[in-house]
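I opened this notebook to record what I looked up in the model shown below. The entries follow the order in which I went through it.

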Amino acid sequence: MSKYNTYIFDFDYTLADSSRGIIMCFRYVLENHGYHDISDYQIKLTIGKTLEESFSILTSITDKETLTLYAKEYVKKADDWMTANTVLFPETSPVLHALKERGHKIGIVSTKYRYRIMEFVEKEFPKEFFDIVIGAEDVRAHKPDPAGLLLAINSLQSGLERCLYIGDSIIDAKTAQAIGVDFYGVLNGITTREELLIYPHIKIADNLNDLV
């Protein structure tokens, strides 16, 4: 990995597991509106997408006003439940600290709201540990559109060829592919190795450890 000076990470299922909180929030909203037969696995399959996309997939609703309402209800519950129900993967902190000690820039690009990511990472890492965090509120177009990744790379004044994007999903792989950034896939989530192998990658690994 010596060619890279910038490491940009997805958040959910890459650095941390917030699936418990996500399921709790989705289930609250869904059951409040009469959707009682949606499984935890179906909810997990939507992790990484925007809230509106996820609710549309889970309910088949296409009305934008309804989807926006559901998303707002989710966010309200997430303010109470999400951070307390999110945990780092065991290797996350050691790997990130090792990268920082080597002088590399590190950042996060996620469809999760930036303020929620910051609420969590500021409990786990020193202040301003991450060089940049891009969340859903920072861009109009979300992954797999590369707008957030480009914003992070440009803000850090890094070249595309010196940047590595790390994620767990097809959405992440497509995001990197869209601008020709190298992709490192991790298998912390529910996307399989076979699914990620279809896309350009430098490595598909069980976790983050091979970064260092």
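**Entry 1: two domains**

I began with the separation of the domains: the centres of domain 1 and domain 2, taken over C-alpha atoms, lie 23 Å apart. Domain 1 comprises 6–17 + 86–211 and domain 2 comprises 18–85; these bounds come from an automatic or database domain assignment. I note that this is a predicted model, in which local features need pLDDT of at least 70, side-chain atom pairs count only at pLDDT 80 or more, and totals for chains, interfaces and linings use all residues. Residues are numbered from 1 along each chain as its sequence is written, and side-chain values use heavy atoms, with hydrogens and water left out.

**Entry 2: the domain interface**

I looked up the contacts (heavy atoms within 4.5 Å) and found 17 residues of domain 1 touching 18 residues of domain 2. For buried area I used the accessible area (1.4 Å probe) that two parts lose on being put together, summed over both. Between domain 1 and domain 2 this area is about 1,500 Å², and carbon and sulfur atoms give 50% of it. On the domain 1 side, Thr 86, Arg 116 and Ile 190 lose the most area to domain 2, together 35% of what that side buries.

I then counted polar contacts, meaning pairs of N or O atoms within 3.5 Å; within protein, one must be able to donate a hydrogen and the other to accept it, and residues adjacent in sequence count only if both atoms are side-chain atoms. Between domain 1 and domain 2 there are 10 residue pairs in polar contact, both residues at pLDDT 80 or more. The elements giving two or more residues to the domain 1 side that touches domain 2 are β2 (16–17) and α6 (114–124). I take helices (H or I, at least four residues) and strands (E, at least two) as DSSP runs, numbered from the N terminus. The largest share of that side comes from α6, with five residues.

**Entry 3: salt bridges**

I searched for salt bridges, that is, a side-chain nitrogen of Lys or Arg within 4 Å of a carboxyl oxygen of Asp or Glu. The whole structure holds 11 salt bridges, and one is found across the interface of domain 1 and domain 2. I recorded the pair Arg 116 and Asp 79, whose side chains meet at 3.1 Å, N to O.

For accessibility I call a residue buried under 20% relative accessible area, exposed over 50%, and partly exposed in between (1.4 Å probe, protein chains only). Arg 116 is buried at 5%, whereas Asp 79 is partly exposed at 40%.

Asp 182 forms a salt bridge with Lys 3, with the closest N and O atoms 3.4 Å apart. This pair links distant parts of the chain, for Asp 182 lies in strand β7 (residues 182–186) and Lys 3 in the segment before β1, 179 residues apart. Asp 182 is partly exposed at 23%, and Lys 3 is partly exposed at 43%.

Glu 31 and Arg 27 form a further salt bridge, their closest N and O atoms being 3.5 Å apart. Both lie in helix α1 (residues 19–32), four residues apart, about one turn of the helix. I also noted a network of salt bridges that links Asp 10, Lys 143 and Asp 172.

**Entry 4: loops**

Which residues does Ser 110 touch, not counting residues up to four places away in sequence? I listed Asp 10, Phe 11, Ile 117, Ile 134, Gly 135, Ala 136 and Lys 143. Ser 110 sits in the loop between β4 (105–109) and α6 and is buried at 6%. The side chain of Ser 110 reaches the backbone nitrogen of Lys 112 at 2.9 Å.

Lys 143 is joined to Pro 144 by a cis peptide bond, with omega about 15 degrees. Pro 144 is in the loop between β5 (132–134) and α7 (147–155).

I recorded a positive phi, near 70 degrees, for Tyr 13, which is found in the loop between β1 (6–9) and β2 and is buried at 7%. Glu 128 has a positive phi near 60 degrees and lies in the loop between α6 and β5. Is Glu 128 buried or exposed? Glu 128 counts as exposed, at 69% relative accessibility.

Asp 168, in the loop between β6 (163–167) and α8 (170–179), is buried at 5%. Leaving aside neighbours within four places in sequence, the contacts of Asp 168 include Asp 10, Asp 12, Tyr 13 and Thr 14.
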